[in-house]
Amino acid sequence: PMPDTYTSIQGDTWDMIAYKVYGREVAMTQLIEANDALAHIAIFPSGVKLVCPPIAPEASRVLPPWRR
């Protein structure tokens with residue numbers, strides 16, 4: 001199960017957090033959208049709490065072509 005929040009570690013970036021939480025960097029878009037007040041931060045200090053919304057798996061990677 002994915003966490004609902006993530007607390008940053010010094011030096012975290014959006015793509016690093018997306019990879020830690022969701023297992024893929026491309027999820028950083030949804031992460032930034034859910035935390036738009038923090039979108040200006042490029043490199044996080046420690047202790048910043050982020051909301052981690054549930055995201056759907058990419059259909060093209062999960063489902064075979066006949067199920068898409």
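Residues are numbered from 1 along each chain as its sequence is written, and side-chain values rest on heavy atoms, with hydrogens and water left out. Because the model is predicted, local features need pLDDT of at least 70 and side-chain atom pairs count only at pLDDT 80 or more, whereas totals for chains, interfaces and linings use all residues.

Helix H1 spans residues 14-22; helices (H or I, at least four residues) and strands (E, at least two) are DSSP runs, numbered from the N terminus. Within H1, Trp14, Ile17, Ala18, Val21 and Tyr22 are buried, where buried denotes under 20% relative accessible area, exposed over 50%, and partly exposed the range in between (1.4 Å probe, protein chains only). Viewed down the axis of H1, these buried residues fall within an arc of 100 degrees and therefore line one face of the helix, the arc being that of the directions from the helix axis to the C-beta atoms. An α-helix has 3.6 residues a turn, so residues three or four places apart point the same way. The cover over the buried residues of H1 includes strand E1 (5-7), helix H2 (28-34) and strand E2. Gly23 follows H1 and has a positive phi, near 85 degrees.

A search of the whole structure returned 1 aromatic pair. Trp14 and Phe44 form this pair in an edge-to-face arrangement, at 5.0 Å centre to centre and with 80 degrees between the planes. Rings of Phe, Tyr and Trp (its six-membered ring) pair if their centres lie within 6.5 Å; planes under 30 degrees apart count as stacked, over 60 as edge-to-face and the rest as tilted. The pair links distant parts of the chain, with Trp14 in helix H1 and Phe44 in the loop between H2 and E2, 30 residues apart. Both Trp14 and Phe44 are buried.

The corresponding search for salt bridges (a side-chain nitrogen of Lys or Arg within 4 Å of a carboxyl oxygen of Asp or Glu) returned 1 across the whole structure. Lys20 and Asp12 meet through their side chains at 2.7 Å, N to O. Lys20 is partly exposed, with a relative accessible area of 43%, whereas Asp12 is buried at 1% relative accessibility.

Val51 lies in strand E2 (residues 49-51) and, at 44% relative accessibility, counts as partly exposed. Val51 is in contact (heavy atoms within 4.5 Å) with Asp4, Leu31, Ala34 and Asn35, not counting residues up to four places away in sequence. Val51 and Thr7 are separated by 44 residues in sequence and by 9.1 Å in space, C-alpha to C-alpha.
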